[in-house]
Amino acid sequence: MGVGGDFDSQKRGSRGFKGLMRRKLVDSARKEVDGGHKLAKELSVTHLIAIGVGSTIGAGVYILVGTVAREHSGPALTISFLIAGIAAALSAFCYAELSSRCPSAGSAYHYSYICVGESAAWLIGWALILEYTVGGSAVARGISPNLALLFGGGDLPAFIARQYIPALDIVVDPCAAILVFIVTGLLCVGIKESTVAQAIVTTGNVCAMMFVVIAGGYLGFKTGWAGYELPTGYFPFGVDGMLAGSATVFFAYIGFDSVASTAEEVKNPQRDLPLGIGAALSISCILYMLVSVVIVGLVPYYSMDPDTPISTAFASHGMKWAAYIITIGAVTALCSTLMGSLLPQPRILMAMARDGLLPSFFSDLNRRTQVPVKATIVTGIGAATLAFFMDVSQLAGMVSVGTLLAFTMVACSVLILRYVPPDEVPLTPSHQESIDTVSLQHSSSNQKIDEENSKVCAGPSNEITRPLIAKEGASAGPVVVKNVVLDRYVIDENMRRKIAGWTIMLTCVGVVLLTSAASYVNLPSFPRYMFCGIGGALLLSGLFVLTCIDQDDARHNFGHSGGFICPFVPLLPIACILINVYLLVNLGSATWTRVSIWLVIGVLVYGFYGRRHSSLQNAVYVPAADVDEIYGSSSNCLA
């Protein structure tokens, strides 16, 4: 049978339920991209570190150390930051591999589309849009109070000061909106220019933190580190309190994923992206630990001011003037985080528009700056409007949902890439002639193989050799049977993929059951322990099976080779999924109610627009092993 007929059935099938799970091809050197859709490759490792550190270290650290030390960790705050940093590193490893293999704009949305499917990618992209919009607005609203502190605690000039409008019963913040527009204009100038500006602002924040470490260390050695000489010891809330503190400060590491969103603009993505992500996270972790080890040593944890812990710690030692330096650090941290929040969203909008899930308006690039200016302006207007009219502090929890969902999906994508990478990839209908040519070549090759097999089967041997039947809708190309040993059992490649696919899915189900039952303490004991047992059994058995079976050989040629390889698979991605799902479950019902409304809106937008305009709507799916041959045939035809 010719391949063309099978491809047509695949194309029709993609419009039904299979359309929700259709996956796109990894962007590669052979893929022709319209010249108007190319982002400028301007970024190096230094730029990526500036983006990562600037997006990660926000003003929260200047408050977080006091709150977590008083309520959870005590003097063990440094260990809490360390554990949280290790947990964040699990996601960073997954991001490092996928960003170097698939260096295109879109970050977690892009990886989900390639590895999981269109519907999952849409939900991740839609959640990230909410995250960056609300996150940027919340950061902008936090800048004006800190600016007021620099003016001696007084009010800002009237035209930018917060004003209460009785008729609407809201407090508007012109300063926040103005700052968002300034950052938006800076992002429209060019990726290199905006990154340099972010590096300068981030340097100011890092200098303020180093002042805290050096000056605080001097005071500590001079006065004797009173915070560590307590009768309650190093763990006043026990190990449980220290771990609870780790769960709280984990969100201080959110931001390094902004580096992955600029993958298409990196000069050498296979080398620079893993280095940038790793270096940014390491620097952030070291700075957090240094600041925490100093502050909890200067004053007892129970005496810390929950709102201004660092300033009051220095004031208690007669250094009230240090509050100005700390406030400058907080302002620069907020400005840098604002840049980091507004930078990724236009690139996610652009990636979704490229794939047809959003209007092509968002994918237009400025010819001179090679930046998605239209998407950037829309992002700026949305964030500025929220920052001007709304007190988004109640929506802050929604920011975490988008990030944790993205972290979870990226870890799942690594498992899929290693064990069940896509065996069929989409090509545009313009390649149909080349597909038919390759199909005819494979048909003639298969005919010869069938003749040889018939001769073997007609021989004296009692055993009949049967070729592995090709999957329906796949090409009738030559088939190679790979035997995989699972203890004493031998399974073929198709069975291995089925076992791996079901195992990954059941492992994720086990994680959800385990974390949900462990978190909902109001459940009766019997069902709670039962669900914990079932979830734990699925999790451990999934880890065992994935450890025993081989990973797919196709992973070596998936995407761009030669980049970073995530270690300790499947243990590391599964641990990453477990941590992120646990944090998701514990975000609270109010947060999930708000997020659910946004996700329902996203489902409607996808159903009425995205699914119908998807670039994969008329795609022809071919076996991944034949893609190079088809592209080669296309090149010969053009020549």
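**View 1. Aspartate 169 is exposed, with a relative accessible area of 57%.** In this predicted model, local features need pLDDT of at least 70 and side-chain atom pairs count only at pLDDT 80 or more, whereas totals for chains, interfaces and linings use all residues. Residues are numbered from 1 along each chain as its sequence is written, and side-chain values use heavy atoms, with hydrogens and water left out. Exposed stands for over 50% relative accessible area, buried for under 20% and partly exposed for values in between, with a 1.4 Å probe and protein chains only. Aspartate 169 is found in the loop between strand S1 (163-165) and strand S2 (170-172), where helices (H or I, at least four residues) and strands (E, at least two) are DSSP runs numbered from the N terminus. Although aspartate 169 is not a glycine, its phi is positive, at about 55°.

**View 2. A salt bridge joins arginine 162 and aspartate 173.** The closest N and O atoms of arginine 162 and aspartate 173 are 2.9 Å apart, a salt bridge being a side-chain nitrogen of Lys or Arg within 4 Å of a carboxyl oxygen of Asp or Glu. Arginine 162 counts as partly exposed, at 38% relative accessibility, while aspartate 173, at 0% relative accessibility, counts as buried.

**View 3. The loop between helix H19 (525-548) and helix H20 (571-585) holds proline 570 and also phenylalanine 568.** Valine 569 and proline 570 are joined by a cis peptide bond, for which omega is about 15°. Phenylalanine 568 has a positive phi, near 55°, in a residue other than glycine. With 65% relative accessibility, phenylalanine 568 counts as exposed.

**View 4. Aspartate 355 and lysine 24 form a salt bridge.** The closest N and O atoms of aspartate 355 and lysine 24 are 3.1 Å apart. This pair links distant parts of the chain, 331 residues apart, with aspartate 355 in the loop between helix H14 (344-354) and helix H15 (373-389) and lysine 24 in the loop between helix H1 (3-13) and H2. Aspartate 355 counts as buried at 8% relative accessibility, and lysine 24 counts as buried at 12% relative accessibility.

**View 5. Arginine 101 and glutamate 97 form a salt bridge, and both residues lie in helix H4 (residues 77-101).** Arginine 101 and glutamate 97 are four residues apart, about one turn of the helix, and their closest N and O atoms are 3.0 Å apart. Both arginine 101 and glutamate 97 are buried.

**View 6. Asp423, Glu493, Arg496, Arg497 and Asp552 are linked in a network of salt bridges.** A search of the whole structure finds 13 salt bridges.

**View 7. Helix H6 (residues 118-150) packs with helix H13 (residues 322-342).** The angle between H6 and H13 is about 160°, and their axes are 9 Å apart; here axes are lines fitted to C-alpha atoms, for helices over the stretch in contact, and angles run from 0 to 180 degrees between N-to-C directions. That makes H6 roughly antiparallel to H13, since angles over 145 degrees count as roughly antiparallel, those under 35 as roughly parallel, those from 65 to 115 as roughly perpendicular and the rest as oblique.

**View 8. Helix H2 (residues 45-56) packs with H8.** The axes of H2 and H8 are 9 Å apart, at an angle of about 55°. That makes H2 oblique to H8. In passing H8, H2 makes a left-handed crossing.

**View 9. Ile83, Tyr228, Tyr234, Phe235, Val239, Leu243, Ile286, Leu290 and Val293 form a nonpolar patch on the surface.** Together these residues have about 690 Å² of accessible area, which comes from the Shrake-Rupley method with a 1.4 Å probe and, for residues, only the protein chains shown as cover. Patches are made of residues with over 30% relative accessible area and no salt bridge, like charges being joined within 9 Å and nonpolar side chains (Val, Leu, Ile, Met, Phe, Trp, Tyr) within 5 Å. Helix H9 (238-249) and helix H11 (269-298) each supply at least two residues of the nonpolar patch, and H11 gives the most, with three residues. Tyrosine 234 is found in the loop between helix H8 (191-223) and H9, and it is partly exposed, with a relative accessible area of 32%.

How values were computed
A crossing is left-handed if the near helix is turned anticlockwise from the far one by less than a right angle, and right-handed if clockwise.
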